[in-house]
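User: I would like to go through this protein model with you, one topic at a time. Could you answer briefly as we proceed?
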Amino acid sequence: MSLSRLAYDLESVISPMVAALLLTVVSFHSLFGGTALGFVISAALVASVTLPVALMGPKKSIYERITKGMRIFLATPRLRGLLTLNLAIAAAGAMVIVNTVVLVQSRFGLTQSSTATALMVFGGGSMLVALILPRLLDRLDDRRVMLAGGAVLVAGLCLGMFLPGYTSLLALWFLLGAGYSLAQTPTGRVLRRSSSTQDRPALFAAQFALSHACWLITYPLAGWVGANWGLTASFVGLSLLALVALIVSLRIWQPDHDREVIEHHHDNLPEDHPHILDGRTHAHAFVIDDEHQRWPRN
């Protein structure tokens, strides 16, 4: 895991933690004003950077360019497993983001400062795991780490049905933060080894769209169930959703489908195609692209 990638992944878990910490000393209006200023500064910094020239592939139709990332996603077993795992991640994240304020201020009768502290603890668990992940991923593959994170999220949501008080909530939110980071942070590594350089932007865009579609399901579900049947029911519903998503991910994302170098045979290319100069049957790091439209069968 490169330092630049680690920094990018840490941003998603540090930002909520910093925001929660600031809410303990400043008002919501001041925080929003500071955030707006931060966006302006960020835009200026981005505009000052010279980006490398992207490697362009063959010219394709608008439809092909728009759907390329989605087609790679659906044709790659590990990415289909990642898609269902995204749903488990979104289920746990939605419970924290939507219902923390309700749990802290309505169920436990505490203040906005306590709400901010709970969110900060969630971010702290995420940040701690993100910092130790590079060493962990040197010994374990992405699949094991991410599925273990999904299992932690399912277990945490189940434990949420039995919350006795605020201290227990803080411990649970720390656990969910750790599981969230385990399941989410290695995503970029999985996407990179599942795509060629020229298809990588399309695949990252597909991941952004599909993961946010999961949030589009879990956000209203967390709020609607909690408002109509109570927070315990919200924990039950989201834990069941996360459990089903994790089981499906385990079934799809098998170890045999996670190998990088795969022997395969080409029937779809002409005899003089450069890709098969060494023979129609060969082995290399396999990704879905123009020459490889389907995942090889075992």
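User: To begin, in which helix does Val-40 lie?
Analyst: This is a predicted model. In it, Val-40 belongs to helix H2, which covers residues 28–47.

User: Is Val-40 buried or exposed?
Analyst: Val-40 counts as exposed, with a relative accessibility of 55%.

User: Which residues make the nonpolar surface patch there?
Analyst: The patch is made by Leu-37, Val-40, Ile-41 and Leu-45, and its area is about 400 Å².

User: Stepping back, how many helices and strands does the protein chain have?
Analyst: The protein chain has 10 helices and 2 strands. Read from the N terminus, the order is α-α-α-α-α-α-α-α-α-α-β-β.

User: What share of the residues is buried?
Analyst: Of the 298 residues in the protein chain, 42% are buried. The chain exposes about 16,000 Å², and 67% of that comes from carbon and sulfur atoms.

User: And what share of the contacts with a separation of 6 or more involves residues 24 or more positions apart?
Analyst: Such residues account for 73% of those contacts in the protein chain.

User: Changing topic, how many salt bridges does the structure hold?
Analyst: The structure holds 4 salt bridges. One of them joins the side chains of Asp-199 and Lys-68, with an N to O distance of 3.1 Å.

User: Why does that pair tie together parts that are apart in sequence?
Analyst: Asp-199 sits in the loop between helix H8 (187–192) and helix H9 (200–229), whereas Lys-68 is in helix H3 (residues 62–75), so the pair ties together parts 131 residues apart in sequence. Both Asp-199 and Lys-68 are buried.

User: What does Arg-193 form a salt bridge with?
Analyst: Arg-193 pairs with Asp-142, and their closest N and O atoms are 3.7 Å apart. Arg-193 lies in the loop between H8 and H9 and Asp-142 in helix H6 (residues 142–159), so this pair links parts 51 residues apart in sequence. Salt bridges with shared partners join Asp-142, Arg-189 and Arg-193 into one network.

User: Which residue meets Arg-144 in a salt bridge?
Analyst: The side chain of Arg-144 meets that of Asp-141, at 3.6 Å from N to O. Arg-144 is exposed at 53% relative accessible area, while Asp-141 is partly exposed at 32%.

User: Lastly, how many disulfides are found?
Analyst: A search of the whole structure finds 0 disulfides. As for individual cysteines, Cys-158 counts as partly exposed at 31% relative accessibility, and Cys-214 counts as buried at 7%.

Methods. Residues numbered from 1 in each chain as written. Predicted model: local features only at pLDDT ≥ 70, side-chain atom pairs only at ≥ 80, totals over all residues. Heavy atoms only, no water. Helix = DSSP H or I, 4+ residues; strand = E, 2+ residues; numbered from the N terminus. Buried < 20%, exposed > 50% of the residue type's maximum accessible area, 1.4 Å probe, protein only. Contact = heavy atoms within 4.5 Å. Areas by Shrake-Rupley, 256 points an atom, 1.4 Å probe, with all protein chains shown as cover. Disulfide = S-S within 2.5 Å. Patch = residues over 30% accessible without salt bridge, like charges linked within 9 Å, V, L, I, M, F, W, Y side chains within 5 Å.
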